[in-house]
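Please look at the sequence and the model below, then read on.

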Amino acid sequence: MKVINLISGPRNLSTAIMYSFSQRQDITVLDEPFYGYYLQNASLESEHPSQKEILQTMELKEEKVVESINSLSIKKNVFVKGMAHHYLTEAPSFILNWENVILIRHPKKLIASFSKVIHTPTLNDIGIKKASELFLFLKKNGKTPIVIDSDELLKNPEKYLKKLCDLLNIPFSAKMLRWKKGGIPEDGIWAKHWYGNVHNSEGFAVQKSSSQPLPAHLETLLDEALPYYETLKNNILV
């Protein structure tokens, strides 16, 4: 059995992809299992929605989270939906044993959407810098991750997911294309703040957030993010 580790930024179709994999009977999905550890140990400039509740209910030690994920994968494939910035160390060696997939989205769209919930995000909040660093770390160690792009996926979800499944050496299932409206049992307790679009969907679709304008005060953040995005863009699966 294997761990399929999705490394994403926020507001980046990662929840829809988690819902897609959750339709499979042969895979256990986990929603941001390192979130509590991140909130406990990161230097945050803004409090996250439901932060106190997350800290009270989630495992806060990284090694314990890793141990739990690996234990689950003994009997069944595991899909981990996670945020790049939740990995606080420079070289998280435990991911070298996993099948890593980095999900990217143009930072202009990501930032515009993210700022609807956290109004003044920083470069660390949106995860693109960390995703770029993790890509280089994995590549250096001979474990180059698959890089996928949310806009490319939305062009033809079935075709793109088939390509992804082939690279992961798992069979594609048409069940991955549709889900019922509403949440899934695996949703994190933060779902009420972030997952509205997915809860109202029944499959992959372009979201309204894709056309939101970028607030003027976040132009500098976009300039900071673009070089890291370009590093990853050159490696996306098409």
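Where is Arg11 found? Arg11 sits in the loop between β1 (3–8) and α1.

## Basis of the report

This is a predicted model, in which local features need pLDDT of at least 70 and side-chain atom pairs count only at pLDDT 80 or more, while totals for chains, interfaces and linings use all residues. Residues are numbered from 1 along each chain as its sequence is written, and side-chain values use heavy atoms, with hydrogens and water left out.

Helices (H or I, at least four residues) and strands (E, at least two) are DSSP runs, numbered from the N terminus.

## Two residues with positive phi

Most residues other than glycine have a negative phi. Phi of Arg11 is near 55°, a positive value. Arg11 is partly exposed, with a relative accessible area of 21%. On this scale, buried means under 20% relative accessible area, exposed over 50%, and partly exposed in between (1.4 Å probe, protein chains only).

Glu32 is not a glycine either, and has a positive phi of about 45°. Glu32 lies in the loop between β2 (27–31) and α2 (35–41). Is Glu32 buried or exposed? Glu32 counts as buried because its relative accessible area is 6%.

## The cavities

The whole structure holds two cavities of 30 Å³ or more. A cavity is a set of points, on a 1 Å grid over the protein atoms alone, where a 1.4 Å probe fits but cannot get out; lining residues have an atom within 4 Å of a point. Grid points are joined across faces, edges and corners, and a volume is the space filled by probe spheres set on the points.

The largest cavity has about 470 Å³ of space. Its lining consists of 32 residues, and Pro10, Arg11, Asn12, Leu13 and Thr15 lie nearest its centre. Elements that give two or more residues to this lining are α1 (14–22), β3 (77–83), α5 (107–114), α8 (150–155) and α11 (196–199). By class, the lining has 13 nonpolar, 13 polar and six charged residues. Here Ala, Val, Leu, Ile, Met, Phe, Trp, Tyr, Cys and Pro count as nonpolar, Asp, Glu, Lys and Arg as charged, and the others, Gly among them, as polar.

The second largest cavity has about 60 Å³ of space. Among the residues that line it are Ser8, Gly9, Asn12, Leu110 and Leu232. β4 (99–104) and α7 (128–140) each give two or more residues to this lining.

In α5, six of the eight residues are buried: Pro107, Leu110, Ile111, Ala112, Ser113 and Phe114. What covers them includes α6 (123–126), α10 (191–194) and α12.

The axes of α7 and α12 (residues 219–233) come within 8 Å and cross at roughly 35°. Axes are lines fitted to C-alpha atoms, for helices over the stretch in contact, and angles run from 0 to 180 degrees between N-to-C directions. Contact means heavy atoms within 4.5 Å. From α7, Ile128, Lys129, Ala131, Ser132 and Phe135 meet Ala225, Tyr228, Tyr229, Thr231 and Leu232 of α12. By class, this contact has seven nonpolar, two polar and one charged residues.

## Leu44

Leu44 is in the loop between α2 and α3 (51–57), and is partly exposed at 27% relative accessibility. Leaving aside neighbours within four places in sequence, Leu44 is in contact with Tyr38, Leu39 and Gln51.

Conventions:
1 Å grid on protein atoms, 1.4 Å probe; cavity = no way out; pocket = protein on both sides within 12 Å on 5 of 7 lines; lining within 4 Å.
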